[in-house]
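Subject: Structure for your review

Dear colleague,

Please find below the structure that I am handing over to you. My findings follow it, and I would ask you to read them with the structure open.

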Amino acid sequence: MYSIYFNDRIIRVCNKNITTPYNPNAAVLHSANNKTLQELPCLFEQNKNLKYLYIPILPDNLEETLTHLCSTLTPINAGGGLVQNTEGEYLLIFRNGLWDLPKGKQEEGEEISLTALREVEEECGITGLEQGELLCITHHTYHMNGLHMLKHTYWYKMTYKGDCATAIPQQEEGISRCEWVPASRLPEYLQDTYPSIRKVFEEAGLI
């Protein structure tokens, strides 16, 4: 299944054999040609009463459907990290009024795994991170300079064995706090976050 996030609203391209959950604010699109798929992001964004749109597709056509769905959006890649310290705590940042994970845009010619490390270090003022496996890729939309953007963010597991007190928020990026959160308190913090960030923690098996 692929999810494209429009803030707290979601288009999901899913396996046709999976039963979609009932939701009064959801709709299911059972068939669509390529032109309809290309127009869907704009139409979905305009229909604020619709929170979820499911597009059930045969498994072999999932990626092709996603390609057509995203064809009118401007892609950009980013990397970020889910960082755990030696106490089993996880690094969250507070940005623009919500809890978030450190991430940022890929620079030209840069490996996406290095983007993730660099951005976590820059946004949280820490070094010496150990990078683990790729957890997942999230996709979310926003507008910039008149363009409808689609950001593909590659999320990696990371481990930090240094002094946690040295984490300093990069204020010029709108980050006001860096905080190490015990696993037991993650549900509390993640009530005030983006669905795409919750997805990262779900993929890590933490919520």
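Helices and strands are taken here as DSSP runs, a helix having at least four residues and a strand at least two, and they are numbered from the N terminus. Please note that this is a predicted model.

Overall fold

By that definition, the protein chain contains five helices and 11 strands. Its radius of gyration is 18 Å, close to the 17 Å given by the globule rule for 207 residues, so the chain is as compact as a globular protein of that length. The C-alpha trace spans about 55 × 35 × 30 Å along its principal axes. Of the 207 residues, 45% count as buried.

Surface and charge

The accessible surface of the protein chain amounts to about 10,900 Å², and carbon and sulfur atoms account for 47% of it. The chain carries 17 positive and 27 negative side chains; the centres of these two sets are 8 Å apart.

Cysteines

How many disulfides does the structure hold? The number is zero. Cys 42 is in no disulfide, and the nearest cysteine sulfur, that of Cys 70, is 14 Å away. With a relative accessibility of 40%, Cys 42 counts as partly exposed. Cys 124 is likewise in no disulfide; the nearest cysteine sulfur to it belongs to Cys 178, at 4.0 Å.

Ser 196 is placed in helix H5, which covers residues 195–203. Is Ser 196 buried or exposed? Its relative accessible area is 10%, so Ser 196 is buried, the cut-off for this class being under 20%. Apart from neighbours within four places in sequence, Ser 196 is in contact with Tyr 5 and Thr 138.

Thr 72 is found in the loop that runs between helix H2 (62–69) and strand E5 (74–85). At 49% relative accessibility, Thr 72 counts as partly exposed, since exposed means over 50%. Thr 72 and His 148 are 76 residues apart along the chain, and their C-alpha atoms are separated by 8.1 Å.

Yours sincerely,
A colleague

Conventions: Residues are numbered from 1 along each chain as its sequence is written. This is a predicted model: local features need pLDDT of at least 70, side-chain atom pairs count only at pLDDT 80 or more; totals for chains, interfaces and linings use all residues. Side-chain values use heavy atoms; hydrogens and water are left out. A disulfide is a pair of cysteine sulfur atoms within 2.5 Å. Buried means under 20% relative accessible area, exposed over 50%, partly exposed in between (1.4 Å probe, protein chains only). The radius of gyration is taken over C-alpha atoms; the globule rule is 2.2 Å times the number of residues to the power 0.38. Accessible areas come from the Shrake-Rupley method with a 1.4 Å probe; for residues, only the protein chains shown count as cover. Lys and Arg count as positive and Asp and Glu as negative; His and the chain ends are not counted. The place of a charge is taken as NZ of Lys, CZ of Arg, CG of Asp or CD of Glu. Contact means heavy atoms within 4.5 Å.
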